[in-house]
Amino acid sequence: SVYFLCQHHNKAHAQVQGGKSAQNSHYHKHNRTKNLTHFFFTPLSADSLRNAFLRVRDFKKHNYQIQEDFNVDISLLSRMACSLVECANYEEYIEALKEFVLETNCEEFYLCLCENWLGHALPATQAEPDPSTADACLIHGYTQRMLVPLSYYEGKFRCHEDFHVDQMLPALYRQVDHMRCFYFVPLHFREHCLGYYAICNTAFPMRSSLFHSWSLNLSNSMENIRRIIYLDHAVQELDKLYATDPLSGIANRNGFRRQTEPVFARCIAEKHPVMVMFIDMDGLKMINDTYGHKSGDIAIRSMATILHECCTNGEICCRFGGDEFIVFAANYTQQDADRMTDSIQKKLEDYNRATSMPFALHASSGYHIAVPTPDKSLFAMVTLADTIMYAEKRKKRHSKSLKSSSSIRQDAESN
């Protein structure tokens, strides 16, 4: 026979079913206490035993399924954390997040970000944030306008314009034929409010700690991509400072070297001629001494603008320093260089006729054209162009001196 061992408590005695006394039984391990433990055996039928085995099997199967689901969700969290933190830019992050939204088997998902989630005031119509205008990050509540970089419903990822925060979601009130259960979860990193996300009718275990971990993954990865955007913006600003002249807005010496080196190397390999023109402003010291350095800055910016407007066929211009500028061009002939010189002089004349400034812009220039060789650097050609320019400047000064002497002699003769 098969018996099922049961245990129960009685104050007086312990007995085994069937009338057999168990007063001196070895089961009396607790006979010092008032409540004695009694054991008795109950016979089980074959059907009862089979049902017991089925219940045990179902119990094990259920526990095994719970463990399997837990392992799948843990795997999702681990892959999500690794994948999102590896994203190098905003677009890549949004694309990676789409994959994990689908794995939650949700019916709808909306990622809603504050306009200034980067800590900046962002244009509401921009797909990717532009961290160019400063503003404080939000700590309490949400911005009036919310961005929607990611939305999913009816089995598709869709684009949505920004919406007013009072709407909660851009498609919340659309007509459906079934009940929808939304979870709204805030996204923040420390005191910085990023926004929130909403998820609807998902198979993900929303009441478990895994859901909390999923939300933390999303918040932390959003903060990570925010810092990447900040860092990229800082690097771009530093690069501008390194390669761009802050006063004139055109390339400085570093930027000139960066832009011309690959072109110069290609001309060496293909034996193409290179033109280097050196331009020096006339009378900048007089402008600074007479009208002040602000007027001198205006003159430098105006000269840089004229050169930039003249460089329309792939030429590269830069402010070499002070009142000196350079124009570089590949595959240039002497006729091309003369046209460039004439174009610059014409622009200067047009500026002097149109400006209301109390001074006139003048510049001297000289150019050197040669087929470069590996043993000849670009700045060696710059030196040659500089020498030619100063020869032209001396001629101009001598001409002005002759004109001045001639006018004095004419005045003396008339008197």
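What share of the contacts in the chain with a separation of 6 or more comes from residues 24 or more positions apart? The figure is 67%, where a contact means heavy atoms within 4.5 Å.

Before you click further, some ground rules. This is a predicted model, so local features need a pLDDT of at least 70 and side-chain atom pairs count only at pLDDT 80 or more, while totals for chains, interfaces and linings use all residues. Residues are numbered from 1 along each chain as its sequence is written, and side-chain values use heavy atoms, leaving out hydrogens and water.

**Whole chain.** Start with a cartoon view: the chain has eight helices and 14 strands. These are DSSP runs numbered from the N terminus (helices are H or I, at least four residues; strands are E, at least two). Of the 415 residues, 38% are buried. Here buried means under 20% relative accessible area, exposed means over 50%, and partly exposed is in between, using a 1.4 Å probe and protein chains only. Switch to a surface and you're looking at about 24800 Å², with carbon and sulfur atoms supplying 54% of it. Such areas come from the Shrake-Rupley method with a 1.4 Å probe; for residues, only the protein chains shown count as cover.

**Confidence.** Now colour by pLDDT, the predictor's confidence in each residue, from 0 to 100. The chain average is 81, and 79% of the residues score at least 70.

**Salt bridges.** Side chains of opposite charge can pair when their charged atoms come close. The rule here asks for a side-chain nitrogen of Lys or Arg within 4 Å of a carboxyl oxygen of Asp or Glu, and by it the count comes to 20.

Select Asp162 and Arg145 to see one, with the closest N and O atoms 2.8 Å apart. Asp162 sits in the loop between strands E7 (156–158) and E8, and Arg145 in strand E6 (residues 145–153), so the pair ties together parts 17 residues apart in sequence. Arg145 is partly exposed because its relative accessible area is 30%.

Next, go to helix H3 (residues 209–243), where Lys240 and Glu237 are three residues apart, about one helical turn. Their side chains meet in a salt bridge at 3.8 Å, N to O. Lys240 is partly exposed at 48%, and Glu237 is partly exposed at 34%.

For a network of salt bridges, select Glu108, Glu154, Arg158, Arg174 and Arg180 together.

**Inside helix H7.** Is Thr341 buried or exposed? Find it in H7 (residues 334–354): Thr341 is buried, because its relative accessible area is 17%. Beyond residues up to four places away in sequence, Thr341 touches Met277, Ser365 and Tyr367.

**Last stop.** Select Met168, Tyr173 and Phe184, which form a nonpolar surface patch with about 330 Å² of accessible area together. Patches are made of residues with over 30% relative accessible area and no salt bridge; like charges are joined within 9 Å, and nonpolar side chains (Val, Leu, Ile, Met, Phe, Trp, Tyr) within 5 Å. Tyr173 lies in the loop between strands E8 (163–164) and E9 (182–189), and counts as exposed at 63% relative accessibility.
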